[in-house]
Each structure stands twice: as structure tokens, then as C-alpha cells.
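Subject: Structure handover and notes

Hello,

Here is the structure for your files.

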Amino acid sequence: MQNRILFLLIFFSLSLFSQNYNHIDSKVKSYSSISNIESLSQKIKHDFNTDEEKVRALFIWIVENIKYQASGSKWAATRLEFYFSDYQKKREKRKKEVRIFEKAIKNKKANCYGYSLIFNEVCDLLNIESEIILGFSRGNLSTIGQDINLKNHSWNAVKLNNQWKLIDITWANGYLEIEKADNNGYYYFKNPKEFLNQHLPGNPKWQLVLNKISKKDFITRPILYPKYYSSKFKLIKETKGIFKTSKANKYIKIYFNEVPVNPQLSYDFLKYYYSIPINIKKNKDGSLSLKIEYKKKESSYLTLYSNLIPIIGFKVEFID
């Protein structure tokens, strides 16, 4: 009986929090004429009580009001600068940060670093601990196997109830063309293990997992899209993101430990104008596999779909 009551209490609290999301999102969407972070923080403080509510409100306000704008240069690239003291270095860095987030609020446009700065600055005014994480990201198939020398992305970690949560406002805003914007949140409080498929922090501590991965592991993985996780696909652990084909070996084999019921799989290669349906085969060892013939004599990219929604991306290298 006690277990049942406990279950009902947990279920009720989760349902209530889910409903609060709708309430928060609706309320924040009605905000207008906010032109600085002080006004935004005061409005959030007035309207919401808990840190969870305030963080959600801040996230939605940024997504709804600040459009993504790619920077004209490699924002993460370093240039040679000289300072007479650590104090001067910190002061100049602070001046740059203030210019960036004030310009972003004024113009309603920002790149990933601008998003991260706004979030971090308002969290500070709300007395909520947060961090800007600089690191490497990969969303395009061309990045599979490609070494990344410069940090090319930024996102945030926020501490709630003594636990760090990950947020990528840029990607939640539909940065990747292959994925639709999803305010509710695949990139809002995303599972750290899943986050590591497309985001590698420069500082390993922000991986937030026990078994840390290397940059080599990161770049050689296939790209797993949100539908892969939400539909409960599971590739075998050894699957790499690059397949090598040749005249003698023109078949690509992909193995799964688990797939959802009736996955309705299809695939295409780069420059295909439609996806080709394919059936999954059950093997004697219990694994599940796909066998795809590759007729091209050049390198390309392979995308798998479930119900016409992308789930996995690979690179195909043709060896003459």
C-alpha cells in the first residue's frame, strides 16, 4: 500500500511539473518589450517561484526571442593578445562578454556563444549556478571521422537540486536543418550519454558520465539523431560511423541489438531524391541486421530513416 501511494505521489508530481511547463511556456511567450537582462531576470523572479521554473522560463524566452545568426568568423579561434596583468585580462574579457550579450538582446540575434552568455548572465542574476561549456560539436555527416582542432560550439550546464543539467539553446532552436526546432526539449536537460554523441566538451569533467570518451571516439561514431533514442533503437556497441566499400566488397551491413516494433526503415545516399524501403533481418545469434548494396564508385553518406524521420547517419568511403 505504501509503495502504491509513493508511486501515485511521484506520478502526480511529474504530471504537475509537465503541466507547469505548459503554464510557464505560455506565460513567457506573452512577455514583450524586454530589452535587457535585468528586466528579464526581474520578470522571471516575479512570475515564478522555483529554480526549475525560472530556468525553464529563461530557456523559452531565449528560444522564442533570439534568432540564431552564424558568426562571420570562427568565434572560438584564438588570436595573439597581450595583457599587463590578470586583472586587465579579466576586465577585457568581461567587456567583450557584455558587448556580446547586450548586442544580442538589442538585435534579437546571436550565435551559440551569444545564447550561452545570455543564459549564464541571467542565471547569475537569478542566483542559479550555471556554466558556459566550450567544446566540439558535429551535426553534419561530413564531420564523421574528421578531426576538429578548434572548439566550434558552446552550450550550458545549470545546477538544479544539486545536479548538473545540460542545455543547448542553439540546437533546441532548430540549428540543424535535418531536425525541427523542439522547444520541449530534446536539447533541454538532455541525457549526458546521448549528448556526447554530438557534443564533446573541451573539459572532460563536463561530459557528466563515468566512462569518459576521447576525441577520437567522438569523431568516429555514427551520428545518432533524436528519433534514434526516442524510438529505442540500439546499435551493437562496436558500430563505427565509417563504412569502407570497394568493387569486391559493395555491401554495407548494419547490426542492431534492438529495434522498435514495425520500425518502417528506409535509407538513402547523398544526392538520392527519395529513400528506399528496407527490411530488417533477424540472425541466428539474436542480433538484427540490414544489408545495403552500394553501387557507387565514389565516397558518399548514408542516412537511415524510421517512418521517414532520420535516425542514423554514416560516412561511406569507396576504396578503388
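Predicted model: local features only at pLDDT ≥ 70, side-chain atom pairs only at ≥ 80, totals over all residues.

Residues are numbered from 1 along each chain as its sequence is written, and side-chain values use heavy atoms, with hydrogens and water left out.

Helix 5

Helices (H or I, at least four residues) and strands (E, at least two) are DSSP runs, numbered from the N terminus. Helix 5 covers residues 112-125, 14 residues in total. From first C-alpha to last it reaches 20 Å, close to the 20 Å expected at 1.5 Å a residue; the expected span is 1.5 Å times one less than the number of residues.

Helix 5 is largely enclosed by the rest of the structure, because 12 of its 14 residues are buried. Buried means under 20% relative accessible area, exposed over 50%, and partly exposed in between, with a 1.4 Å probe and protein chains only. The buried residues are C112, Y113, G114, Y115, S116, L117, I118, F119, N120, E121, V122 and C123. Two of these are cysteines: C112 has a relative accessible area of 5%, and C123 is at 0%. A search of the whole structure finds 0 disulfides, a disulfide being a pair of cysteine sulfur atoms within 2.5 Å.

At the start of helix 5, a side-chain oxygen of N111 comes to within 3.2 Å of the backbone nitrogen of Y113. That falls under the heading of polar contacts: pairs of N or O atoms within 3.5 Å, where within protein one must be able to donate a hydrogen and the other to accept it, and residues adjacent in sequence count only if both atoms are side-chain atoms. Just after the helix, N127 takes a positive phi of about 60 degrees.

Other positive phi values

Most residues other than glycine have a negative phi. K108, which is not a glycine, has a positive phi of about 60 degrees. K108 sits in the loop between helix 4 (86-107) and strand 2 (109-110), and is partly exposed at 28% relative accessible area. N162, also not a glycine, has a positive phi of about 70 degrees. Its place is the loop between strand 4 (153-160) and strand 5 (163-167), where N162 is exposed, with a relative accessible area of 68%.

Helix 3

Helix 3 runs over residues 51-65. Its 15 residues should span 21 Å at 1.5 Å a residue, and the end C-alpha atoms are 21 Å apart, which agrees. Here too 12 residues are buried, out of 15, so helix 3 is largely enclosed by the rest of the structure. The buried set includes the charged residues E52, E53, K54 and R56, along with W61.

Strand and loop residues

F136 is in strand 3 (residues 130-137) and is buried at 9% relative accessibility. F136 and L150 are 14 residues apart in sequence, with 7.6 Å between their C-alpha atoms. F243 is in strand 9 and is buried at 15%. The C-alpha atoms of F243 and S300 are separated by 10.0 Å, and the two residues are 57 apart along the chain.

T239 lies in the loop between strand 8 and strand 9 (242-245). T239 counts as buried, at 17% relative accessibility, and its side chain reaches the backbone oxygen of I236 at 2.9 Å. K212, in the loop between strand 6 (199-201) and helix 8, is partly exposed at 43%.

The second largest pocket

This pocket has a volume of about 830 Å³. Among its 23 lining residues, the closest to the centre are K193, R221, L224, Y229 and K237. The elements giving two or more residues to the lining are helix 7 (192-195), helix 8 (215-220), helix 9 (226-230) and strand 8 (234-235). By class, the lining has 10 nonpolar, 5 polar and 8 charged residues. Ala, Val, Leu, Ile, Met, Phe, Trp, Tyr, Cys and Pro count as nonpolar, Asp, Glu, Lys and Arg as charged, and the others, Gly among them, as polar.

On terms, a pocket is an open set of points on a 1 Å grid over the protein atoms alone, where a 1.4 Å probe fits, with protein on both sides within 12 Å along at least five of seven lines; lining residues have an atom within 4 Å of a point. Grid points are joined across faces, edges and corners, and the volume is the space filled by probe spheres set on the points.

Regards
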